[in-house]
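Come along and look with me.

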Amino acid sequence: MFYLICLILALSHPGICMVRPSTVLVMDRAKPIEDATTHTKDIIDHVTSVKEMRRHIDDGVNDFVNLVQKVKEKDGDNETESKDNDVSMRCMACVMLIKYEVWKSKNITDMNTVSKITRLVESGCVYFKVETPRVCRGGLHVFGREVVEVLTKVHLSAEDICAITLPYFCSNFHHLTHSARSWSVKIPPKIEVRPSQERQEYNRMQDTIKILHISDVHIDIEYSVEGNAECDEPVCCRVTKQKGYSIINPLRTGGKVGLVRGQAASHNRQDVTRAMKWGDYRNCDLPIWTFENLLQQLSKQPVDYIIFTGDIPAHDLWAQTRDKQLDLIFKVTSLLLKYFPETRIFPAVGNHDSFPSNNFPPKEVKVEPEFEVGWLYDGLVKAWSNWLPEDALQTVRSGGYYTTLVQPGFRIVSLNTNFCYTDNWWIWLDSKDPAGMLTWFVRVLTSAEENGELVHVIGHVPPGREPDCLRTWSENYYRIIERFHDVISAQFFGHTHYDEVQVFYNRATRKPISVSYSVPSVTPYSGMKPAYRFYDIEGFHPHTDWSVVNHQTYVLDLLEANKTNEPLWKLEYDACASYNATRLNADLWDSLLGDWLQYLANDSIAMPESLLTYGKYYVKEPPSKLYSKEMSKVAKCRERECIKNIVCDVGKNMKFSGCS
């Protein structure tokens, strides 16, 4: 969705979307025209129409000037003024052009106009070489109608849309427009816990269980060892489909297919850029045979249950369909059943699991049949019925979330956090408790509290993760955690592809009350070692609190795997050993965070060893010397501002000095 709005804006203001972490579009009008295509006149006409329309949005300029003045009054003058001015200019362009595009969309009267707009954007995408022609065509085909539909109905201001679409440039808009999107879920007062529900202290080493957490596999069914790993599309390691082409699967060919890079020296450019057999650190998703190899190895280890927090399909958003999404979901389900036939699995739905990607219209938003998501929920019911009872599947059918009892006294709640995801544009139309899920969540927790149950919460997008999760939604989630922290004993998410911890606080007492863990991704996309995690959980004894006491993270070195043709998933680190702790809990992470914040506030003290450790494991970094500067800088965090961003994202619902 971000790409599409950028394409629309870029036609009349190239550069508006040129910088965003992990999302870089390159547009350069200064290059000489290589050929006079038939698209040129349409593009020039469109740019001219934009200039003419600006007469109708003078009020937008005035509004923006007033807004910038408010921002200056809020922030004051500082040494980053020039940087802030650049951000303001980008926001000004965004506000002006969004006002134009919304006006234009709301005045569309026939589908011929929609088709013309789509063709113009596609032409601009191809002409300015934003992406390859097939990505431009596919992206507009997949997302074009949805964008027009949302822009036609949206009631958000241009400032709101820019704050969501370009959060890195327009972050101050969140503060200025937040009140317009405020809403609150009703939360009942705390009830007294019956004496029989009181939990006692116990020996950490007794009666722990082992749970496996897998997330963000992003399997590319078209991955090929004959593919190019250095391509000019968002996803590489593929072969352009031609007559007679078939997908290569090393598991079915005895591992003899294709070149395994590292086995022999080569000066051939084609060999250097060819995709590695078991996965590639360049812009490539995961081969399905590597995922099956992972399950093969994991099936030999004892595990009590598995949590799988979504994002099964690859990042080829422009080439996806409903059938392809469902087919891949069923393939992964079949593999999980093959290797873990007796193990309970608790899944959550990811933003990439739908079609188009991020498409999760809440039930209160009326949409055309082509945008409905019931087909996905029905598919999830079919897949998840292997592990979930019928009462849990009822809410999967209506909203992609559920709760189920693991055993007496302990239940899991799986949230569809795509209802807070800012790239799910349908929540722009009605952001108030989408699908009523948080209201349902409160009811589940209230019932759990009354029945003396403890709860694990799982989901895909981590609440509070900005700019991914809507701020008001996150604020309501914080309130729920504060109220029910005695009931919620652990939280698990994915989505970011990073190894992250989030600490939640009682804001009245500033006491740490809960911890959320975001597991790193199985896909190497982009530039990271594939990873998964085991948690040690207090469980299955009378006085358990079902809390996380330790975890171990495992990674796959793709260079080694492709050199030896033998993937070995090795222990990267043990959390308690790495942080010199006897057990993990909110108090430990709060203490570490305090040390990290003190370091940020004082240039004269050395970086704490614990922060070095956290930064070391935050990104599953491959050997950077083997890759380009562009890739290595994504995987490294050495500057103080970068470290600050990572540290300040740990404390979720508290304002810390130096983190504003």
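Here are my entries, one topic at a time.

**Ground rules.** I am reading a predicted model, where local features need pLDDT of at least 70, side-chain atom pairs count only at pLDDT 80 or more, and totals for chains, interfaces and linings use all residues. Residues are numbered from 1 along each chain as its sequence is written, and side-chain values use heavy atoms, with hydrogens and water left out. Helices (H or I, at least four residues) and strands (E, at least two) are DSSP runs, numbered from the N terminus.

**Helices 14 and 15.** I looked up how helix 14 (residues 437–450) lies against helix 15 (residues 471–483): the angle is about 5° and the axes are 11 Å apart. Axes are lines fitted to C-alpha atoms, for helices over the stretch in contact, and angles run from 0 to 180 degrees between N-to-C directions. The two helices are therefore roughly parallel (under 35 degrees; over 145 is roughly antiparallel, 65 to 115 roughly perpendicular, the rest oblique). Contact means heavy atoms within 4.5 Å. From helix 14, the residues that meet helix 15 include Phe441 and Leu445, and the helix 15 side includes Trp473 and Ile480. I noted eight nonpolar, one polar and two charged residues in this contact. Ala, Val, Leu, Ile, Met, Phe, Trp, Tyr, Cys and Pro count as nonpolar, Asp, Glu, Lys and Arg as charged, and the others, Gly among them, as polar.

How do helix 18 and helix 19 cross, and at what angle? I found roughly 100°, with the axes coming within 9 Å. That makes helix 18 roughly perpendicular to helix 19. Leu592, Trp596 and Tyr599 of helix 18 meet Ser610, Leu611 and Tyr614 of helix 19. Then I turned to helix 21 (residues 640–648), whose buried residues are Ile643, Ile646, Val647 and Cys648. Buried means under 20% relative accessible area, exposed over 50%, partly exposed in between (1.4 Å probe, protein chains only). These buried residues pack against helix 18 (586–601) and helix 19 (609–618).

In the loop between strand 5 (344–347) and helix 12 (374–384) I found Pro356, and the peptide bond from Phe355 to Pro356 is cis, with omega near -15°. Asn358 is found in that loop between strand 5 and helix 12 too. Asn358 has a positive phi of about 75° although it is not a glycine, and at a relative accessible area of 5% Asn358 is buried.
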